[in-house]
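Hi,

Here is the structure I promised you. Have a look at it first, and then read on for what turned up.

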Amino acid sequence: MKDENLEYLEANLEPEHHKKMAELGQSDMNRFVAETMKLCKPATVFIATDSAEDREYVKAKALELGEEFELATAGHTYHFDGIKDQGRDKENTRYLLPPNVHLGEHINFMPRDEGLAEVLGILDGLMAGKEMIVRFYCLGPRSSVFSQLCCQITDSFYVAHSEDLLYRPGYEEFKSAGDGVEHFRFLHSAGRLENGVCADIDKRRMFIDLVDNIVYSTNTQYGGNTMGLKKLAMRLGIQKGLKEGWLTEHMFIVGVPGRNGRKTYMTGAYPSMCGKTSTAMIQGQSIIGDDIAYLKKIGGDVRAVNVECGVFGIIQDVNPEDDPDIYAALTSPNEIIFSNVLVSDGKPYWLGMGSELPGKGLNFSGEWTSGKTDANGKAIDPSHKNARFTLKLDSLKNYDENIENPEGVPVKAMIFGGRDTDTSVPVEQSFDWVHGVITKGASLESETTAATLGAEGVREFNPMSNLDFLAASLDTYLQKYLEFAAVLSKPPKIFGVNYFLTDSEGRYLNSMLDKKVWMLWIEERVHEEVGTLTTPTGMIPLYKDLMRLFKDALGMEYSEAQYKEQFSVRVPQQLAKIERIEAIYRQEWGIPEVLFTTLDEQRKRLLEARAEFGDLVTPLMLAQR
Ligand code: SPV
Ligand code: MN
């Protein structure tokens, strides 16, 4: 059959690029590429296959065009996003919804017709004078039940290069799939650049069209806004998973070592900058992924894959003591992109790297010297708090051998953690799947950080740390989540963690290293090798087990006084949290009743404990009950 789009491509592409499209054999892709060319009007078009040559071209172009610059160490490059383009822009990230679709109060949306008109208007001619890159990827391992094919169009070689590090190639997958294969599409343009950064931030848009499985992103460079396969694909993945009975989650996947050489796989969901990557990188563990997981039920287990094969990680506080494996990778020759760090004498520097930073250099604000202030008179940090590194997982030495397993890995524990200075204990097991989904996942709150634009330190509701990415109403998401593993005879055990508890003076009660102990305790709980103490909110570790684990894993003494301070139930704070969470869900339609009964039961247990012991219920009080 005649394909008019392919004819258009033949007339308007260089022959080698037309050939690549023709050989792909995907009429939807021909249409997507032809329509985008007509709309965005690029000067030239580069169709990338999976070949090493095409990958090299992208890398070389990023350097040639000044989107990246070389550092002294072989393979290392750096990139800057503009001073106003340093995080995910939640305000301008919107779902485009048809008139009959309502996803509730927590979803930022606009009418689809209006949104499409606006973003297509912005995209009109936006690639003028630039090269348009067309790239094919596969989310999840290739040739697996988890594989999700994607096509990214962008005019940013930095974005294309980053995605080449973060995602598995997909040209050959598309080619062998046969015409009409289901896929996600992403269209990005950084728009007009000035000094290499986006000049028209007021026209920054991330618009998600759930009807056509396409996401548009304009006038931004920051990874979370631009790399379609990252947070933008997550939204399409959530929608697809909920329809088909599986989950797309904001989760790391790790293998935790246990007794007799065994390894136990776990996932963990934490909002940005709450220790997710560093938990995934704890010494002695192996890493499958640090950000996004697809979870499916296979053969009686929940199994998970990392949709990515690289890390776009926060660099602040990566130092030889706290994150030795990442630090080693960041200081060895390897393909790495450093974004928004301080650069001086060909070397990257970042806050918390464990050594002195130079007093001047280049950073996201341009030439930087210590004491430089922004337009509001606020001191500009040498490296941004949300500065990042991008690398392939296989450049880390703790890379898990199962990352490409087409069946994923069995998930035995799911962990939820937020930035919480005053309420939850450092680690706690939920009573069962439903209690865990509701009181740990659906009740997750976190104090805001620099990973998204806006004020920091404000407590925000963030169910499953997925709120920013939900492509469904909360009631549907929760209902499907509850159903997901309820049918399994042994669903994953659910845990809550909190690394950010402080004392009355605001000092952290735990060190960065303590999370290793919590992970090892969870591993032993999965195999039911250690006991617990039941509290009104869950099951906490026994002192003797923590004392042993602190000694064995960290060579540290852990005192009973520390245990008491960290693991006491703070009843007024826990009750206030229930009030907040309940009020949020009361505003929504159709929330499963079990959410309210579960919260209510928890409140009753807390009130009973308070009547018996007062506001602060120590583990000892509960043990002697
Ligand atoms: C996050 O903010 O959750 C990240 C980085 O993982 S971003 O790509 O910006 O989403
Ligand atoms: Mn993330």
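This is a predicted model: local features need pLDDT of at least 70, side-chain atom pairs count only at pLDDT 80 or more; totals for chains, interfaces and linings use all residues.

L71 counts as buried because its relative accessible area is 8%, under the 20% cut-off. L71 sits in the loop between strand 2 and strand 3 (76-79). Leaving out residues up to four places away in sequence, L71 touches H76, T77, Y78, F338, V343, G346, K347 and P348. If you like distances, L71 and S27 are 44 residues apart in sequence and 42 Å apart in space, C-alpha to C-alpha.

Strand 21 (residues 336-339) and strand 26 (residues 388-392) run antiparallel, joined by three bridges. F338, one of the contacts of L71, stands opposite F389 in strand 26.

Next, the metal. Which residues hold the manganese ion (ligand 2) as protein donors? They are K231 through NZ, H250 through NE2 and D291 through OD, at 2.2 to 2.3 Å from the ion. Along the sequence, the spacing of these donor residues is K-x18-H-x40-D. K231 lies in helix 9 (residues 228-244), while H250 is 19 residues away in the loop between strand 14 (247-249) and strand 15 (251-257), so the pair links distant parts of the chain. K231 is buried, at 5% relative accessible area, and H250 is buried too, at 2%.

How many cavities of 30 Å³ or more does the whole structure hold? The search finds two.

- The largest cavity contains about 290 Å³ of space. Its lining has 25 residues, with D420, S424, T439, K440 and K577 nearest the centre. Helix 17 gives the largest share of that lining, five residues; other elements that supply at least two include strand 28 (413-417), helix 12 (433-441) and helix 18 (593-613). By class, the lining of the largest cavity has seven nonpolar, 11 polar and seven charged residues.
- The second largest cavity has a volume of about 170 Å³. Of its 16 lining residues, P271, S272, E460, N462 and D468 are closest to the centre. The lining of the second largest cavity divides into three nonpolar, eight polar and five charged residues.

Best wishes

Key: Residues are numbered from 1 along each chain as its sequence is written. Chains are lettered from A and ligands numbered from 1 in the order in which they are written. Side-chain values use heavy atoms; hydrogens and water are left out. Donors are N, O and S atoms within 2.8 Å of the metal (3.2 Å for Na, K and Ca); water is not among the atoms, so sites may look incomplete. Helices (H or I, at least four residues) and strands (E, at least two) are DSSP runs, numbered from the N terminus. Buried means under 20% relative accessible area, exposed over 50%, partly exposed in between (1.4 Å probe, protein chains only). Two strands pair if DSSP finds at least two bridges between them. Contact means heavy atoms within 4.5 Å. On a 1 Å grid over the protein atoms alone, a cavity is a set of points where a 1.4 Å probe fits but cannot get out, and a pocket is an open set with protein on both sides within 12 Å along at least five of seven lines; lining residues have an atom within 4 Å of a point. Grid points are joined across faces, edges and corners, and a volume is the space filled by probe spheres set on the points. Ala, Val, Leu, Ile, Met, Phe, Trp, Tyr, Cys and Pro count as nonpolar, Asp, Glu, Lys and Arg as charged, and the others, Gly among them, as polar.
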